[in-house]
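Student: I would like to learn how to read the features of a model with care, one feature at a time. Could you take me through them?

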Amino acid sequence: KERRGRLLINSKIQLAYWKLILSSMFLTALILFACLYQFLDRLVLRNPNVAYEQSKAVLEIFEQTSFFLILAFPSITIALLIWSLLISNRIAGPLYHMERTLGRILVAEDFKMRIAVRKDDDLRELAEQINRLLEKVETTQRGRPQ
């Protein structure tokens, strides 16, 4: 089946994107939580000038916010996974197409073939550079005696 119509084309590259995005997200969440904890610790727990009622109100707000974040985190994670799959597809698709076309060129030793690119391919410039290289190879081969 043609891979260009699928979302998961090159699992190695696309899973690397997933790992990068998810680890960035988890690290950011961890840093934010640590900063918020430090803020609350210094504002509420270690500050003798804060009344009990004020401390209790701030901690309740923190608890409600934490509960909301715990509920929202899986939804955000799923949305980021889908987004990273779509973004990685924009790179993995053209790469797969270029690899396949270059493989056919090498097997057939037909340097007249070119890599077809779409207007919106993210790796369009790379494909165009490869096509220019193929033109030079073809020109060089034509000038050489057989």
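This is a predicted model: local features need pLDDT of at least 70, side-chain atom pairs count only at pLDDT 80 or more; totals for chains, interfaces and linings use all residues.

Student: How does the span of α2 agree with its number of residues?

Tutor: Helices are DSSP runs of H or I with at least four residues, and strands are runs of E with at least two, numbered from the N terminus. The expected span of a helix is 1.5 Å times one less than its number of residues. The 57 residues of α2 should therefore span 84 Å, and the end C-alpha atoms of α2 are 81 Å apart, which agrees.

Student: Where in α2 does a kink lie?

Tutor: The bend at a residue is the angle between axes fitted to the seven residues ending there and the seven starting there. In α2 a kink of about 35° lies at Ala72, shortly before the proline Pro74.

Student: How many aromatic pairs does a search of the whole structure find?

Tutor: Rings of Phe, Tyr and Trp (its six-membered ring) pair if their centres lie within 6.5 Å, and planes under 30 degrees apart count as stacked, over 60 as edge-to-face and the rest as tilted. The search finds two aromatic pairs. One of them is the tilted pair of Phe26 and Phe73, with 5.2 Å centre to centre and 50° between the planes. Phe26 lies in helix α1 (residues 11-45) and Phe73 in helix α2 (residues 52-108), so the pair ties together parts that are 47 residues apart in sequence. Phe26 counts as partly exposed at 42% relative accessibility, as does Phe73 at 26%.

Student: What lines the largest pocket?

Tutor: On a 1 Å grid over the protein atoms alone, a pocket is an open set of points with protein on both sides within 12 Å along at least five of seven lines, and lining residues have an atom within 4 Å of a point. The largest pocket is lined by 15 residues, of which Ala29, Leu32, Phe33, Leu69 and Phe73 lie nearest its centre. The largest share of this lining, eight residues, comes from α1. By class, the lining has twelve nonpolar, three polar and no charged residues.

Student: How far apart in space are Val44 and Glu138?

Tutor: Val44, whose place is in helix α1, is buried with a relative accessible area of 6%. Val44 and Glu138 are 94 residues apart in sequence and 74 Å apart in space, C-alpha to C-alpha. For Trp18 and Leu43, 25 residues apart along the chain, the C-alpha atoms are separated by 37 Å.

Conventions
Residues are numbered from 1 along each chain as its sequence is written. Side-chain values use heavy atoms; hydrogens and water are left out. Buried means under 20% relative accessible area, exposed over 50%, partly exposed in between (1.4 Å probe, protein chains only). On a 1 Å grid over the protein atoms alone, a cavity is a set of points where a 1.4 Å probe fits but cannot get out, and a pocket is an open set with protein on both sides within 12 Å along at least five of seven lines; lining residues have an atom within 4 Å of a point. Ala, Val, Leu, Ile, Met, Phe, Trp, Tyr, Cys and Pro count as nonpolar, Asp, Glu, Lys and Arg as charged, and the others, Gly among them, as polar.
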